[in-house]
Amino acid sequence: MQIKTYIAGPFDANNYLVIDEKSKEAMLVDCSAYVQEIVDYVKTNGLKVKYILITHGHFDHVLGINRMKKALNAEVYVPQEDVILIENINEASSHFGGEVADIPVHDHVYSPDTKITLGDEEFIIIKTPGHTEGGVCIKGHDVLFSGDTLFKGTFGRTDLFGGNIKKLVNSLTNVLFYLPDEMVVYPGHNEKTTIGYEKKFNDIFNYIK
């Protein structure tokens with residue numbers, strides 16, 4: 001499996017193109033802007049992008065959905081509880097530089113039986129509310145795409161609509177930190193980390209002492 005990182009959008013969000021090299025199937029995790037470089041790479045390498053998977057509904061992770069969906073011919077999945085954020089995207093974006101004329105649309109919401117596969121690799125959707133009510137992480141065999149739930153050394157803010165620090169503490173300490181220490185974490189912003197590192201050094205522990 002190959003993972004390519006593209007930083008884009010108003011707050012430099014990470015967009016991850018995840019590729020199964022054998023089958024040439026791919027998925028895009030989060031979609032903060034239209035990124036021509038991604039489209040070109042997909043076409044040049046003959047990839048089939050099956051999914052655009054959204055970790056949470058904040059506007060800086062969904063702004064590129066419509067154009068990227070059209071360019072990649074991919075199906076878009078979003079968290080059910082965060083549809084309200086996406087449909088009311090201008091409630092947030094207007095505070096950060098203007099309104100969005102093209103409201104992002106999706107094909108599916110995550111459900112308990114949602115199955116995400118690339119070739120022989122299966123990804124599991126893990127509910128991790130706290131940063132938003134609907135926030136999810138996407139777990140592969142040895143990687144985790146954590147959105148804004150978990151960053152290197154810290155975690156997502158909880159002072160916006162749908163945020164809840166108690167739920168976020170639970171999502172980290174009782175869910176994610178039970179994953180293997182060697183699992184590599186690809187967050188929604190900034191650099192990657194591991195579960196083992198975060199179990200030792202994450203700031204979340206300052207909230208539960």
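Student: In which strand is Phe151 found?
Tutor: The model under discussion is predicted. In this model, Phe151 belongs to a strand that spans residues 150-151. That strand is β11.

Student: Is Phe151 buried or exposed?
Tutor: The relative accessibility of Phe151 is 11%. A residue is called buried under 20% relative accessible area. Because its value is 11%, Phe151 counts as buried.

Student: Which residues does Phe151 touch, not counting those up to four places away in sequence, and what distance separates its C-alpha atom from that of Glu191?
Tutor: Phe151 touches Gly156, Pro187, Gly188, His189, Glu198 and Asn202, with residues up to four places away in sequence not counted. Glu191 lies 40 residues from Phe151 along the chain. The C-alpha atoms of Phe151 and Glu191 are separated by 7.9 Å.

Student: Which residue of β8 is the bridge partner of Ile116?
Tutor: Strand β7 is joined to strand β8 (residues 121-127) by 3 bridges, and the two run antiparallel. The bridge partner of Ile116 in β8 is Phe123.

Student: How many of the residues of β10 are buried, and which point to each side?
Tutor: Strand β10 covers residues 143-147 and is mostly covered. Val143, Phe145 and Gly147 lie on one side, with Leu144 and Ser146 on the other, and all are buried. The number of buried residues in β10 is therefore 5 of 5, under the cut-off of 20% relative accessible area.

Student: Which residue in β13 stands opposite Gly147?
Tutor: On the β9 side, 2 bridges join β9 (residues 136-139) to β10 in the antiparallel sense, and Lys139 has Leu144 as its bridge partner. With β13 (residues 184-187), β10 pairs in the parallel sense over 4 bridges. In β13, the residue opposite Gly147 is Pro187.

Student: What is the volume of the second largest pocket, and how do its lining residues divide?
Tutor: The lining comprises Tyr110, Ser111, Pro112, Thr114, Glu122, Phe123, Ile124, Ile125 and Lys127. These residues divide into 5 nonpolar, 2 polar and 2 charged. The volume of the second largest pocket is about 170 Å³.

Student: Where is Ser171 placed, and what is its relative accessible area?
Tutor: Ser171 is in helix α5 (residues 165-173). Leaving aside neighbours within four places in sequence, Ser171 is in contact with Thr128, Pro129 and Leu176. Ser171 is buried, with a relative accessible area of 2%.

Student: Why is one side of β1 and of β6 left without a neighbour in the sheet?
Tutor: An open sheet of mixed pairing is formed by 6 strands in the order β1-β2-β3-β4-β5-β6. Two strands stand at its edges, each with a single partner strand, so one side of each is left without a neighbour in the sheet. These edge strands are β1 (2-8) and β6 (108-109).

Student: What does helix α2 touch on the sheet, and what angle does its direction make with that of β4?
Tutor: Helix α2 (residues 65-72) packs on the sheet, where it touches β3, β4 (48-53) and β5 (75-78). Within α2, Ile65, Asn66, Met68 and Leu72 are buried, and what covers the buried residues of α2 includes β3, α1 (36-44), β4 and β5. The direction of α2 makes with that of β4 an angle of about 160 degrees.

Student: Why is β2 described as largely enclosed by the rest of the structure?
Tutor: Ala13, Asn15, Leu17 and Ile19 point one way from β2, while Asn14, Tyr16, Val18 and Asp20 point the other way, and all are buried. Strand β2 is largely enclosed because the number of its residues that are buried is 8 of 8.

Technical notes
Residues numbered from 1 in each chain as written. Predicted model: local features only at pLDDT ≥ 70, side-chain atom pairs only at ≥ 80, totals over all residues. Heavy atoms only, no water. Pairing = 2+ DSSP bridges. Contact = heavy atoms within 4.5 Å. Axes fitted to C-alpha atoms, helices over the stretch in contact; angles between N-to-C directions. 1 Å grid on protein atoms, 1.4 Å probe; cavity = no way out; pocket = protein on both sides within 12 Å on 5 of 7 lines; lining within 4 Å. Points joined across faces, edges and corners; volume = space filled by probe spheres on them. Nonpolar A, V, L, I, M, F, W, Y, C, P; charged D, E, K, R; others polar. Buried < 20%, exposed > 50% of the residue type's maximum accessible area, 1.4 Å probe, protein only.
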